[in-house]
Amino acid sequence: MIKNERQYRMTKAQAQRFSDAITHSENAPHEGMHPLLRKATLDAHRSQLKDLQSQIAQYETLRLGHSPLVRVESFEE
């Protein structure tokens, strides 16, 4: 979870690096890499990018004040 602007900037930069790595991996020839290893690597990068993008979106939503309020009736809830 992103808690401040510094973490937000760092997460955006990391997401961009993952995006660039994915693009590079998809377009570059991988003659020496086993196809299953290449697929596993790309899948891992895509998964991590998706997680980072989700965190970025959540932080941006909170920063704009568009988060839903949770109504709690008691401490037990």
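Modeller: Setting aside residues up to four places away in sequence, Met 1 touches Gln 7, Gln 55 and Leu 62. The model under discussion is a predicted one.

Biologist: What makes these pairs contacts of Met 1?

Modeller: A contact requires heavy atoms within 4.5 Å. Gln 7, Gln 55 and Leu 62 each touch Met 1 in that sense. Met 1 itself belongs to the segment before H1, and its C-alpha lies 9.9 Å from that of Thr 11, which is 10 residues away in sequence.

Biologist: Why is Met 1 counted as exposed?

Modeller: The relative accessibility of Met 1 is 69%. Exposed means over 50%, so Met 1 counts as exposed.

Biologist: Is Thr 11 buried or exposed, and how do you know?

Modeller: Thr 11, a residue of helix H1, has a relative accessible area of 11%. The limit for buried is under 20%; therefore Thr 11 is buried. Leaving aside neighbours within four places in sequence, Thr 11 is in contact with Ile 2, Leu 52, Gln 55 and Ile 56.

Biologist: Why is Ser 25 called buried?

Modeller: Ser 25 has a relative accessible area of 13%. Because buried means under 20%, Ser 25 is buried. Ser 25 is found in helix H1, and its contacts, apart from neighbours within four places in sequence, are His 30, Arg 38 and Leu 42.

Biologist: Why is Gln 58 called partly exposed?

Modeller: The relative accessible area of Gln 58 is 47%. Gln 58 lies in helix H2. Gln 58 and Ile 2 are 56 residues apart in sequence, and their C-alpha atoms are 8.3 Å apart in space.

Biologist: What makes the set that includes Ile 2 and Tyr 59 a nonpolar core?

Modeller: Such a core consists of buried residues of nonpolar types, Tyr among them, joined through side-chain atoms within 4.5 Å. The largest one here has 10 residues: Ile 2, Tyr 8, Ala 15, Phe 18, Ile 22, Leu 42, Leu 49, Leu 52, Ile 56 and Tyr 59. Helix H1 (5–27) and helix H2 (35–64) each supply at least two residues of this core, and H2 gives the most, with 5 residues. Beyond residues up to four places away in sequence, Tyr 59 touches Ile 2, Lys 3, Asn 4, Glu 5 and Tyr 8.

Biologist: How many helices and strands does the protein chain have?

Modeller: The protein chain has 2 helices and 0 strands. Among contacts between residues at least 6 apart in sequence, 68% join residues at least 24 apart.

Biologist: What is the radius of gyration of the protein chain, and what would a compact globule have?

Modeller: The protein chain has 18 Å, whereas a compact globule of 77 residues would have a value near 11 Å. The C-alpha atoms fill a box of roughly 60 × 25 × 15 Å along the principal axes.

Biologist: What share of the residues of the protein chain counts as buried?

Modeller: Of the 77 residues, 17% count as buried. The accessible surface of the protein chain is about 6,400 Å², and 54% of this surface belongs to carbon and sulfur atoms.

Biologist: How many positive and negative side chains does the protein chain have?

Modeller: There are 11 positive and 10 negative side chains, and the centres of the two sets lie 6 Å apart.

Methods
Residues numbered from 1 in each chain as written. Predicted model: local features only at pLDDT ≥ 70, side-chain atom pairs only at ≥ 80, totals over all residues. Heavy atoms only, no water. Helix = DSSP H or I, 4+ residues; strand = E, 2+ residues; numbered from the N terminus. Rg over C-alpha atoms; globule rule 2.2 N^0.38 Å. Buried < 20%, exposed > 50% of the residue type's maximum accessible area, 1.4 Å probe, protein only. Areas by Shrake-Rupley, 256 points an atom, 1.4 Å probe, with all protein chains shown as cover. Lys, Arg positive; Asp, Glu negative; His and termini not counted. Charge placed at Lys NZ, Arg CZ, Asp CG, Glu CD.
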